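Subject: Structure handover

Hello,

Please find the structure below, with the sequence. My notes on it follow.

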Amino acid sequence: MIISKHLLGLEGVSRKEISLILKTAQSFKEVLARPIPKVPTLRGKTIVNLFYESSTRTRFSFELAQKRLSADNLNFTASGSSVAKGETLKDTVRNLEAMKIDMVVIRHPASGAPHFLARHIDASVINAGDGQHEHPTQALLDLMTLQEKRDKIRGLKVALIGDIAHSRVARSNIYGLKTMGAEVAVCGPTTLLPREVEQWDIEIFTRIDDAIRWADVLNVLRLQLERQESGLIPSVREYAARFGITRARLAAARKDILIMHPGPMNRGIEIESDLADSESSVILDQVTNGVAVRMAVLYLKSGGEQVLESTLEAEA
Amino acid sequence: MERLVRGKKAENLLIKGAMLIDPASKLEKRGDILIEKGKIVRLGRIAKAPNGLEVIDARELVVTPGWLDMHVHFRQPGREDEETVESGASAAAAGGFTAACPMPNTTPAADTREVIEFLIEEGKKTLIEVFPIAAATKGRAGKELSEMADLVEAGAVAFSDDGCAIATASLARRAMEYANMFDVPIIEHAEESTLCVSGAMNEGKYSTRLGLAGMPTVAEDIIVARDILLAEYTGAHVHIAHISSAQSIELVRQAKAKGLRVSCEVAPHHFTLTDEAVNDYDTNAKMNPPLRSQRDVEAVLEGLQDGAIDVIATDHAPHSPHEKDVEFAAAPFGIIGLETALGLIITRLVKTGVLSLSEAVAKVTVHPRRILKLPPVTLQEGQFANLTFFSPERRWSVSKNSFYSKCRNSPFIGWELTGKVYGVYNKRQLWINQDF
């Protein structure tokens, strides 16, 4: 069995499993290009989207993926739910499970919340972003985009730029990229690099120009503006001046450098506005691939590994 | 269902063939103890016992002076659902302790004569002695000193704002100066809070991997350094609670070499586990100070060995399951420790050769009593019998259902330990562990 039950993070996920998810996602991307972009694959399955943190693109992406797979879905957001009445996560989920659901997609501000869930329920748990820990489907869609644009991930030099310490996107990317054989670097102010970052055996830059010269791909992370208030950076202005990706800086880069961003962007801070819309940017490809990758994850985690080919062929 | 340790009246008793260990009097030999009217009347070989006397065949057992845990949380007043003096005393006795020092972070805080007297009175109903530690500042709020003179008179044996450090250097200084009038120590929870904002675990390799906010060792070290300097400046006695960082241990070692009145304790989990235990977001691996790195654990073992660390104290911290069974960041800090301490001490320190049995026993008997200026408890003729009985060889499994504490928040459930409590004798009463 290549596919494990849950997707809690990419740490420890095998190369085989990631490859299968990416391959499956390619097939689903073809489905999405059809006139009627919908398959009955998950008909009769019920998926709950638990979003304890505001999110637009990730939630829409998961919801869309579920609709494209004909699953029934329920959406739960923290505001206005029983959470406000003081119900624990455990009770919330026990209640949901009593309603016989098959899968839970969870976004939560606490690192490890999906692991907690997985311990308490029988359904498959998909992590849609937990605190500062992991955001595995984001990294999978990043991998898919790289594979599309550069054919193979092995040997590719990918630099993650910005607030590494607080970024779940960074962690998932580091694990996923390394498993798939890419070289990884991080670049950011020292106050935004986590303690013992060296453990990942990656390149570490604190000068953006060094990272740009090194990289085939820049994955630019969102700067949370509250980092200034909490004393981690002197000012957003200085951050933008030192670490913002601009056309001028890219003069030193290889010509075909790719620019990625998990969104939502702070235009003019971590990335120059028109650069985000330039030919180097693959930011919207990432979004498109997000739906396909999430379809693949939902499908495979619901036990669809074996019947994959036949289902897709029957629908074609 | 709640279980309670209830002593059985045993004015007179003969303990036969035990290994007697009393670090204070350098006693370590096999022998018998004859107890009459609660007092040790004879020690050594007792060939002929008076008729009808209750006899304990102790050939498998070590008998030591009753153990003292100088750092527990009995949650009373305020959280009687989690622990009371009665249930905590049961857990203590079941763990081989005949005395315990409850910390003042209750609701209300133990910062008035009434609360201290209440705790002592509650303790009198149990098999153990309760020596309360009072809050150093009113409400542990770090603003004004508590009424220390009154509190000492009521029976407080030390002062601490445990749960957090005494908030400012100036207040810590005044607390030391004032407490020094009564010759009682300030017990410091060493944590510079501004370095631990929303921290949930040790800062390092694992916090980075798990995406949890860190509590760096330097936050502990800064307060340890501050308090050592203040101890030198004021001449007061500072005791560092639950020391966990290699650097802090080194600071204490240096302070001792300088002849300062500085002492410290370590909790069994800090010599047993590292922060790797948090790996699956197990909230029973969440405590404050947090589990540290392998390097820190090695420093703890070294400190225990060379005497930099004086005391082993459990930081027994019961938490109800519904509060602990939540996302990691939301869970409270702390684990129960009274009933696994002896097993962990034997398994992790004695069997591994870090400490001799006698050295280990000193850290739960004579050392904490000396630090708290309590009357010595020894194995000597004429003394009231206050005894801990255990087998240093017997193996047992820690099970969820074995605890006398009201709570079950232990990372050691399922562990196999060597060293098991047989019973205790105190206040003319005997309790024998039926699960021995």
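Gly414(B) is exposed, at a relative accessible area of 58%; buried stands for under 20% relative accessible area, exposed for over 50% and partly exposed for what lies in between, with a 1.4 Å probe and protein chains only. Gly414(B) sits in the loop between strand S18 (387-397) and strand S19 (416-426) of chain B. Helices (H or I, at least four residues) and strands (E, at least two) are DSSP runs, numbered from the N terminus. From Gly414(B) to Ser397(B) the C-alpha to C-alpha separation is 6.0 Å, and the two are 17 residues apart in sequence.

Before the rest, some conventions. This is a predicted model, in which local features need pLDDT of at least 70 and side-chain atom pairs count only at pLDDT 80 or more, while totals for chains, interfaces and linings use all residues. Residues are numbered from 1 along each chain as its sequence is written, chains are lettered from A and ligands numbered from 1 in the order in which they are written, and side-chain values use heavy atoms, with hydrogens and water left out.

Buried residues

Ile15(B) belongs to strand S2 (residues 13-22) of chain B and counts as buried, at 0% relative accessibility. Not counting residues up to four places away in sequence, Ile15(B) touches Gly31(B), Asp32(B), Ile33(B), Ile35(B), Ile56(B), Ala58(B), Val63(B), Leu387(B) and Phe389(B); contact means heavy atoms within 4.5 Å. Ile46(B) is 31 residues from Ile15(B) in sequence and 9.4 Å from it in space, C-alpha to C-alpha.

In chain A, Val93(A) lies in helix H3 (residues 89-98) and is buried, with a relative accessible area of 3%. Its contacts, leaving aside neighbours within four places in sequence, are Leu50(A), Leu117(A) and Ile121(A). Val93(A) and Ser281(A) are 188 residues apart in sequence and 39 Å apart in space, C-alpha to C-alpha.

Gln286(A), in helix H12 (residues 283-304) of chain A, is also buried, with a relative accessible area of 2%. Residues up to four places away in sequence aside, Gln286(A) touches Gln138(A), Leu141(A), Asp142(A), Thr145(A), Met260(A), His261(A) and Pro262(A).

Helices

Helix H11 (residues 341-350) of chain B has nine of its ten residues buried, so it is largely enclosed by the rest of the structure. Among the buried ones are Ala341(B), Leu342(B), Gly343(B) and Val350(B).

The axes of helix H1 (residues 15-32) and helix H5 (residues 136-150), both of chain A, come within 10 Å and cross at roughly 70°. Axes here are lines fitted to C-alpha atoms, for helices over the stretch in contact, and angles run from 0 to 180 degrees between N-to-C directions. H1(A) contributes Ile18(A), Ile21(A), Leu22(A), Ala25(A), Gln26(A) and Lys29(A) to the contact, and H5(A) contributes Leu140(A), Leu143(A), Met144(A), Gln147(A) and Glu148(A). By class, this contact has seven nonpolar, two polar and two charged residues. Ala, Val, Leu, Ile, Met, Phe, Trp, Tyr, Cys and Pro count as nonpolar, Asp, Glu, Lys and Arg as charged, and the others, Gly among them, as polar.

Pockets and cavities

On a 1 Å grid over the protein atoms alone, a cavity is a set of points where a 1.4 Å probe fits but cannot get out, and a pocket is an open set with protein on both sides within 12 Å along at least five of seven lines; lining residues have an atom within 4 Å of a point. Grid points are joined across faces, edges and corners, and a volume is the space filled by probe spheres set on the points.

The largest pocket holds about 890 Å³. Of its 33 lining residues, His166(A), Val197(B), Glu203(B), Ala213(B) and Gly214(B) are the closest to its centre. The lining has 15 nonpolar, 14 polar and four charged residues.

The second largest pocket holds about 680 Å³. Of its 25 lining residues, Arg107(A), Arg168(A), Arg222(A), Gln224(A) and Pro264(A) lie nearest its centre. Its lining has five nonpolar, twelve polar and eight charged residues.

The whole structure has two cavities of 30 Å³ or more.

Regards
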